[in-house]
Amino acid sequence: MKILYIAPENVVGNLNTWKAIHESRGNECRFITFFPSQFGFPDDICLNLPFVAPAPIFIWMRKLIYSMFGGPDQQIELDGYPPVWKPANPLIKSFFSVRDQLWRKTIEPIIEKYDFLEYDVLHLETGLGLYRDGNFVKRFKEKNGTVINTFHGVELRHRGVIPAIDKMTDLNLTSELDLLPKHPNLKYLHLVFDIDQYQPDYSIRQPITMCHATRNRYFKGSDKIIEVCRKLESSHNIRFLLAENVQHSKALEIKQEANIYIDQIANIAPGYGMNSIEAMAMGSTCLTLMDKDYEKFMPDHPFVNVNPENLKVKLIQLIENPEKITEIAQNSHEWLKRTHSIQAVGDQLYNYYQKLGLNGV
(Lines give C-alpha, C1' and ligand atoms only; values in the text may rest on other atoms or scores of the structure.)
Protein backbone atom coordinates (compact mmCIF):
# COMPACT_ATOMS: atom_id res chain seq x y z
CA MET A 1 0.00 0.00 0.00
CA LYS A 2 1.24 3.49 -0.89
CA ILE A 3 0.41 6.45 1.36
CA LEU A 4 0.95 10.14 0.59
CA TYR A 5 0.76 12.89 3.22
CA ILE A 6 0.31 16.55 2.26
CA ALA A 7 0.91 19.33 4.78
CA PRO A 8 1.74 23.02 4.55
CA GLU A 9 4.60 22.47 7.02
CA ASN A 10 6.17 19.69 9.10
CA VAL A 11 5.28 21.53 12.29
CA VAL A 12 6.05 19.07 15.11
CA GLY A 13 7.85 16.27 13.29
CA ASN A 14 4.84 13.97 13.24
CA LEU A 15 5.15 13.46 9.48
CA ASN A 16 8.54 11.79 9.94
CA THR A 17 7.06 9.56 12.64
CA TRP A 18 4.12 8.51 10.48
CA LYS A 19 6.42 7.76 7.57
CA ALA A 20 8.46 5.45 9.81
CA ILE A 21 5.30 3.76 11.15
CA HIS A 22 3.91 3.00 7.70
CA GLU A 23 7.27 1.73 6.43
CA SER A 24 7.69 -0.49 9.50
CA ARG A 25 4.37 -2.12 8.58
CA GLY A 26 5.54 -2.90 5.05
CA ASN A 27 3.93 0.06 3.28
CA GLU A 28 5.41 2.91 1.25
CA CYS A 29 4.98 6.46 2.52
CA ARG A 30 6.04 9.91 1.28
CA PHE A 31 5.10 13.38 2.48
CA ILE A 32 4.91 16.71 0.68
CA THR A 33 5.25 20.08 2.41
CA PHE A 34 4.66 23.54 0.94
CA PHE A 35 7.65 25.17 2.63
CA PRO A 36 10.55 24.11 4.91
CA SER A 37 9.87 23.54 8.59
CA GLN A 38 10.62 26.75 10.47
CA PHE A 39 11.27 24.65 13.57
CA GLY A 40 14.02 22.49 12.10
CA PHE A 41 12.17 19.24 11.36
CA PRO A 42 13.44 17.36 8.28
CA ASP A 43 11.27 17.42 5.17
CA ASP A 44 10.72 14.72 2.56
CA ILE A 45 9.51 16.46 -0.62
CA CYS A 46 9.46 20.20 -0.01
CA LEU A 47 7.90 22.29 -2.80
CA ASN A 48 9.09 25.73 -1.62
CA LEU A 49 5.91 27.33 -2.94
CA PRO A 50 5.50 31.13 -3.12
CA PHE A 51 2.81 33.16 -1.30
CA VAL A 52 2.46 30.73 1.60
CA ALA A 53 5.70 30.51 3.64
CA PRO A 54 5.61 32.20 7.08
CA ALA A 55 8.08 34.94 6.12
CA PRO A 56 7.52 38.15 8.12
CA ILE A 57 6.80 40.22 5.01
CA PHE A 58 4.21 37.73 3.74
CA ILE A 59 2.52 37.47 7.15
CA TRP A 60 2.36 41.28 7.32
CA MET A 61 0.88 41.50 3.82
CA ARG A 62 -1.68 38.80 4.56
CA LYS A 63 -2.83 40.52 7.74
CA LEU A 64 -3.09 43.82 5.90
CA ILE A 65 -5.15 42.29 3.07
CA TYR A 66 -7.44 40.45 5.49
CA SER A 67 -7.97 43.58 7.58
CA MET A 68 -8.86 45.59 4.46
CA PHE A 69 -10.86 43.03 2.49
CA GLY A 70 -11.90 40.34 4.99
CA GLY A 71 -10.43 36.99 5.95
CA PRO A 72 -10.14 34.46 8.81
CA ASP A 73 -9.93 35.97 12.30
CA GLN A 74 -8.08 33.72 14.73
CA GLN A 75 -10.01 35.21 17.64
CA ILE A 76 -13.44 34.42 16.16
CA GLU A 77 -14.65 30.82 16.11
CA LEU A 78 -16.85 29.95 13.15
CA ASP A 79 -20.31 28.40 13.37
CA GLY A 80 -21.45 25.50 11.24
CA TYR A 81 -21.44 21.70 11.20
CA PRO A 82 -18.85 21.76 9.84
CA PRO A 83 -17.72 25.39 9.59
CA VAL A 84 -17.14 26.19 5.92
CA TRP A 85 -14.47 28.37 4.32
CA LYS A 86 -15.76 30.94 1.86
CA PRO A 87 -13.69 33.64 0.18
CA ALA A 88 -14.66 36.91 1.85
CA ASN A 89 -14.94 38.70 -1.48
CA PRO A 90 -14.01 38.36 -5.18
CA LEU A 91 -10.50 39.69 -4.54
CA ILE A 92 -9.68 36.93 -2.05
CA LYS A 93 -11.21 34.36 -4.40
CA SER A 94 -9.10 35.66 -7.28
CA PHE A 95 -5.94 35.51 -5.15
CA PHE A 96 -6.32 31.79 -4.52
CA SER A 97 -7.24 31.13 -8.14
CA VAL A 98 -4.14 32.94 -9.41
CA ARG A 99 -1.97 31.27 -6.76
CA ASP A 100 -3.21 27.82 -7.82
CA GLN A 101 -2.23 28.59 -11.40
CA LEU A 102 1.22 29.81 -10.37
CA TRP A 103 1.78 26.70 -8.27
CA ARG A 104 0.90 24.30 -11.09
CA LYS A 105 4.29 24.57 -12.77
CA THR A 106 5.94 23.32 -9.56
CA ILE A 107 3.33 20.83 -8.40
CA GLU A 108 2.39 18.98 -11.59
CA PRO A 109 5.94 17.74 -12.41
CA ILE A 110 6.21 16.38 -8.84
CA ILE A 111 2.90 14.52 -9.18
CA GLU A 112 4.08 12.99 -12.45
CA LYS A 113 7.63 12.23 -11.25
CA TYR A 114 6.45 10.22 -8.23
CA ASP A 115 3.24 8.91 -9.83
CA PHE A 116 1.23 10.16 -6.84
CA LEU A 117 -2.13 9.67 -8.54
CA GLU A 118 -1.48 5.93 -8.34
CA TYR A 119 -1.11 5.93 -4.55
CA ASP A 120 -3.72 4.16 -2.40
CA VAL A 121 -4.17 6.66 0.44
CA LEU A 122 -4.00 10.45 0.42
CA HIS A 123 -3.67 11.78 3.95
CA LEU A 124 -4.14 15.55 4.23
CA GLU A 125 -3.04 17.67 7.16
CA THR A 126 -5.24 20.71 8.05
CA GLY A 127 -7.80 20.00 5.34
CA LEU A 128 -5.69 21.32 2.46
CA GLY A 129 -4.71 19.61 -0.76
CA LEU A 130 -2.12 20.87 -3.20
CA TYR A 131 -4.59 23.41 -4.59
CA ARG A 132 -7.21 25.53 -2.83
CA ASP A 133 -9.82 24.50 -5.42
CA GLY A 134 -9.35 20.82 -4.52
CA ASN A 135 -8.19 19.83 -8.02
CA PHE A 136 -5.56 17.29 -6.96
CA VAL A 137 -7.81 15.71 -4.32
CA LYS A 138 -10.57 15.30 -6.91
CA ARG A 139 -8.21 13.64 -9.40
CA PHE A 140 -6.87 11.34 -6.69
CA LYS A 141 -10.38 10.36 -5.61
CA GLU A 142 -11.40 9.62 -9.20
CA LYS A 143 -8.59 7.04 -9.29
CA ASN A 144 -10.46 5.21 -6.49
CA GLY A 145 -8.03 6.37 -3.85
CA THR A 146 -8.97 6.84 -0.19
CA VAL A 147 -8.76 10.38 1.22
CA ILE A 148 -8.15 10.96 4.93
CA ASN A 149 -7.62 14.28 6.68
CA THR A 150 -6.36 15.39 10.07
CA PHE A 151 -7.59 18.60 11.67
CA HIS A 152 -5.32 20.17 14.29
CA GLY A 153 -7.63 22.89 15.56
CA VAL A 154 -7.10 26.38 14.21
CA GLU A 155 -8.12 25.53 10.65
CA LEU A 156 -11.49 24.04 11.65
CA ARG A 157 -12.29 26.61 14.32
CA HIS A 158 -11.32 29.74 12.43
CA ARG A 159 -11.03 28.89 8.71
CA GLY A 160 -13.49 26.08 8.12
CA VAL A 161 -13.40 23.15 5.72
CA ILE A 162 -12.69 23.68 2.03
CA PRO A 163 -15.99 22.39 0.53
CA ALA A 164 -14.43 20.92 -2.64
CA ILE A 165 -11.98 18.94 -0.49
CA ASP A 166 -14.29 18.05 2.37
CA LYS A 167 -16.79 16.27 0.11
CA MET A 168 -13.96 14.04 -1.20
CA THR A 169 -12.77 13.01 2.26
CA ASP A 170 -13.58 9.51 3.50
CA LEU A 171 -12.51 10.13 7.08
CA ASN A 172 -11.42 13.08 9.21
CA LEU A 173 -9.25 12.64 12.29
CA THR A 174 -8.28 14.95 15.13
CA SER A 175 -6.30 14.89 18.36
CA GLU A 176 -8.36 17.73 19.84
CA LEU A 177 -11.45 16.49 21.62
CA ASP A 178 -13.39 19.75 21.42
CA LEU A 179 -13.39 19.53 17.60
CA LEU A 180 -15.49 16.34 17.49
CA PRO A 181 -18.86 18.16 17.70
CA LYS A 182 -17.83 20.44 14.81
CA HIS A 183 -17.85 17.87 12.00
CA PRO A 184 -20.19 14.94 11.19
CA ASN A 185 -17.34 12.70 9.99
CA LEU A 186 -14.61 13.26 12.57
CA LYS A 187 -12.91 10.63 14.74
CA TYR A 188 -10.35 10.89 17.52
CA LEU A 189 -6.73 9.85 17.04
CA HIS A 190 -4.13 10.28 19.76
CA LEU A 191 -0.98 12.20 18.91
CA VAL A 192 1.79 9.78 18.00
CA PHE A 193 5.19 10.01 19.64
CA ASP A 194 8.44 8.04 19.67
CA ILE A 195 8.82 7.73 23.43
CA ASP A 196 11.98 5.63 23.22
CA GLN A 197 14.04 8.54 21.91
CA TYR A 198 14.12 10.06 25.43
CA GLN A 199 15.35 8.78 28.77
CA PRO A 200 13.19 10.26 31.56
CA ASP A 201 14.94 12.04 34.44
CA TYR A 202 12.81 12.27 37.58
CA SER A 203 15.39 13.96 39.79
CA ILE A 204 14.25 17.19 41.44
CA ARG A 205 16.33 20.17 40.31
CA GLN A 206 17.76 22.65 42.77
CA PRO A 207 15.97 24.95 42.51
CA ILE A 208 12.79 23.31 41.26
CA THR A 209 12.50 24.26 37.59
CA MET A 210 9.34 25.13 35.66
CA CYS A 211 8.94 25.57 31.93
CA HIS A 212 6.42 26.89 29.40
CA ALA A 213 6.73 26.78 25.61
CA THR A 214 4.64 28.91 23.28
CA ARG A 215 4.34 30.06 19.68
CA ASN A 216 1.20 32.09 20.26
CA ARG A 217 0.59 33.57 23.71
CA TYR A 218 -3.10 34.13 23.04
CA PHE A 219 -3.87 30.45 22.44
CA LYS A 220 -1.88 29.29 25.47
CA GLY A 221 -2.78 31.95 28.02
CA SER A 222 0.97 32.49 28.19
CA ASP A 223 0.92 35.99 29.68
CA LYS A 224 -0.82 34.72 32.83
CA ILE A 225 1.46 31.67 33.06
CA ILE A 226 4.56 33.86 32.77
CA GLU A 227 3.21 36.31 35.35
CA VAL A 228 2.50 33.58 37.91
CA CYS A 229 5.85 31.84 37.41
CA ARG A 230 7.85 35.08 37.66
CA LYS A 231 6.18 35.80 40.99
CA LEU A 232 6.99 32.30 42.22
CA GLU A 233 10.63 32.86 41.29
CA SER A 234 10.70 35.60 43.92
CA SER A 235 8.42 34.09 46.54
CA HIS A 236 9.39 30.40 46.37
CA ASN A 237 12.90 30.40 44.88
CA ILE A 238 12.01 28.38 41.79
CA ARG A 239 13.55 28.72 38.32
CA PHE A 240 11.32 29.51 35.35
CA LEU A 241 12.31 28.81 31.74
CA LEU A 242 10.41 30.18 28.75
CA ALA A 243 10.76 28.65 25.27
CA GLU A 244 9.07 31.11 22.93
CA ASN A 245 9.25 30.84 19.13
CA VAL A 246 12.53 28.92 19.18
CA GLN A 247 13.83 26.04 17.06
CA HIS A 248 12.56 22.65 18.17
CA SER A 249 16.03 21.50 19.22
CA LYS A 250 16.37 24.55 21.49
CA ALA A 251 12.91 24.03 22.95
CA LEU A 252 13.84 20.44 23.81
CA GLU A 253 17.00 21.60 25.59
CA ILE A 254 14.94 23.99 27.69
CA LYS A 255 12.20 21.45 28.48
CA GLN A 256 14.80 18.88 29.47
CA GLU A 257 15.67 21.07 32.47
CA ALA A 258 12.12 21.15 33.82
CA ASN A 259 10.52 19.32 36.72
CA ILE A 260 7.17 20.95 35.92
CA TYR A 261 5.84 21.81 32.48
CA ILE A 262 2.85 24.16 32.05
CA ASP A 263 1.04 23.68 28.74
CA GLN A 264 -1.93 26.07 28.56
CA ILE A 265 -4.69 27.71 30.62
CA ALA A 266 -6.53 29.66 27.90
CA ASN A 267 -9.54 27.31 27.52
CA ILE A 268 -9.59 28.15 23.81
CA ALA A 269 -8.54 24.60 22.98
CA PRO A 270 -8.67 22.59 26.23
CA GLY A 271 -6.30 19.69 26.64
CA TYR A 272 -2.69 19.23 25.63
CA GLY A 273 -0.36 18.90 22.68
CA MET A 274 3.06 17.72 21.61
CA ASN A 275 4.84 20.02 24.05
CA SER A 276 3.32 18.18 27.00
CA ILE A 277 4.02 14.79 25.46
CA GLU A 278 7.69 15.67 24.97
CA ALA A 279 7.94 17.00 28.52
CA MET A 280 6.38 13.84 29.96
CA ALA A 281 8.79 11.69 27.96
CA MET A 282 11.67 13.57 29.59
CA GLY A 283 10.29 13.08 33.11
CA SER A 284 8.26 16.23 33.82
CA THR A 285 4.96 16.65 35.61
CA CYS A 286 2.59 18.50 33.28
CA LEU A 287 -0.12 21.03 34.04
CA THR A 288 -2.86 22.01 31.60
CA LEU A 289 -6.50 23.02 31.44
CA MET A 290 -8.69 19.92 31.01
CA ASP A 291 -12.43 20.61 30.66
CA LYS A 292 -15.25 18.26 31.66
CA ASP A 293 -15.29 16.56 28.26
CA TYR A 294 -11.60 15.70 28.51
CA GLU A 295 -12.00 14.44 32.07
CA LYS A 296 -14.79 12.14 30.91
CA PHE A 297 -13.04 11.02 27.71
CA MET A 298 -9.73 10.12 29.35
CA PRO A 299 -10.35 9.73 33.10
CA ASP A 300 -6.95 8.10 33.65
CA HIS A 301 -4.95 11.08 32.36
CA PRO A 302 -2.00 12.15 34.56
CA PHE A 303 -2.23 15.93 34.05
CA VAL A 304 -2.61 18.38 36.91
CA ASN A 305 -5.77 20.22 35.85
CA VAL A 306 -5.32 23.99 36.16
CA ASN A 307 -7.01 27.23 35.13
CA PRO A 308 -6.08 30.92 35.42
CA GLU A 309 -7.59 31.13 38.90
CA ASN A 310 -5.92 28.11 40.54
CA LEU A 311 -2.62 27.88 38.64
CA LYS A 312 -0.58 29.56 41.37
CA VAL A 313 -2.13 27.45 44.15
CA LYS A 314 -1.54 24.18 42.25
CA LEU A 315 2.07 25.13 41.54
CA ILE A 316 2.73 25.99 45.18
CA GLN A 317 1.30 22.63 46.26
CA LEU A 318 3.80 20.89 44.00
CA ILE A 319 6.71 23.09 45.06
CA GLU A 320 6.02 22.33 48.70
CA ASN A 321 5.62 18.60 48.03
CA PRO A 322 8.41 17.68 45.57
CA GLU A 323 7.83 13.96 46.10
CA LYS A 324 4.46 14.50 44.43
CA ILE A 325 6.23 15.90 41.35
CA THR A 326 8.23 12.69 41.03
CA GLU A 327 5.20 10.45 41.58
CA ILE A 328 3.09 12.21 38.96
CA ALA A 329 5.98 12.29 36.46
CA GLN A 330 6.53 8.53 36.76
CA ASN A 331 2.82 7.79 36.32
CA SER A 332 2.77 10.16 33.34
CA HIS A 333 5.49 8.24 31.57
CA GLU A 334 3.62 4.94 31.95
CA TRP A 335 0.42 6.57 30.64
CA LEU A 336 2.38 7.95 27.70
CA LYS A 337 3.46 4.44 26.69
CA ARG A 338 -0.11 3.14 26.82
CA THR A 339 -1.63 6.08 24.98
CA HIS A 340 0.80 7.87 22.66
CA SER A 341 3.48 5.33 21.72
CA ILE A 342 4.20 4.47 18.10
CA GLN A 343 2.68 1.02 18.56
CA ALA A 344 -0.49 2.23 20.32
CA VAL A 345 -1.34 5.06 17.90
CA GLY A 346 -0.22 3.09 14.86
CA ASP A 347 -2.69 0.35 15.82
CA GLN A 348 -5.40 2.99 16.28
CA LEU A 349 -4.86 4.43 12.79
CA TYR A 350 -4.69 1.02 11.12
CA ASN A 351 -7.96 0.05 12.80
CA TYR A 352 -9.51 3.03 10.99
CA TYR A 353 -7.86 1.81 7.78
CA GLN A 354 -9.47 -1.60 8.21
CA LYS A 355 -12.90 -0.04 8.69
CA LEU A 356 -12.38 1.81 5.39
CA GLY A 357 -11.66 -1.52 3.69
CA LEU A 358 -8.07 -0.67 2.75
CA ASN A 359 -5.89 -3.50 1.49
CA GLY A 360 -2.39 -4.12 2.78
CA VAL A 361 -3.27 -3.29 6.38
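This is a predicted model: local features need pLDDT of at least 70, side-chain atom pairs count only at pLDDT 80 or more; totals for chains, interfaces and linings use all residues.
Visitor: Where is F51 found?

Guide: F51 is in the loop between β3 (45–46) and α2 (56–69).

Visitor: Is F51 buried, partly exposed or exposed?

Guide: Buried means under 20% relative accessible area and exposed means over 50%. F51 has 41%, so F51 counts as partly exposed.

Visitor: And R99, is that buried or exposed?

Guide: R99 has a relative accessible area of 8%, so R99 is buried. R99 belongs to helix α3 (residues 90–114).

Visitor: Which residues does R99 touch, not counting residues up to four places away in sequence?

Guide: R99 touches P50, F51, V52 and R132.

Visitor: Now the strands. What is the order in the open sheet of 5 strands?

Guide: The order is β9-β8-β10-β11-β12, with parallel pairing.

Visitor: Which strands stand at the edges?

Guide: β9 (239–244) and β12 (304–305) do; each has a single partner strand, so one side of each is left without a neighbour in the sheet.

Visitor: How many bridges join β11 to β12?

Guide: There are 2 bridges between strand β11 (residues 285–288) and β12. In this pair, T288 stands opposite N305 in β12.

Visitor: What lies across β9?

Guide: Helix α9 (residues 248–255) lies across β8 (209–214), β9 and β10 (260–262), and runs at about 165 degrees to β9.

Conventions
Residues are numbered from 1 along each chain as its sequence is written. Side-chain values use heavy atoms; hydrogens and water are left out. Helices (H or I, at least four residues) and strands (E, at least two) are DSSP runs, numbered from the N terminus. Buried means under 20% relative accessible area, exposed over 50%, partly exposed in between (1.4 Å probe, protein chains only). Contact means heavy atoms within 4.5 Å. Two strands pair if DSSP finds at least two bridges between them. Axes are lines fitted to C-alpha atoms, for helices over the stretch in contact, and angles run from 0 to 180 degrees between N-to-C directions.
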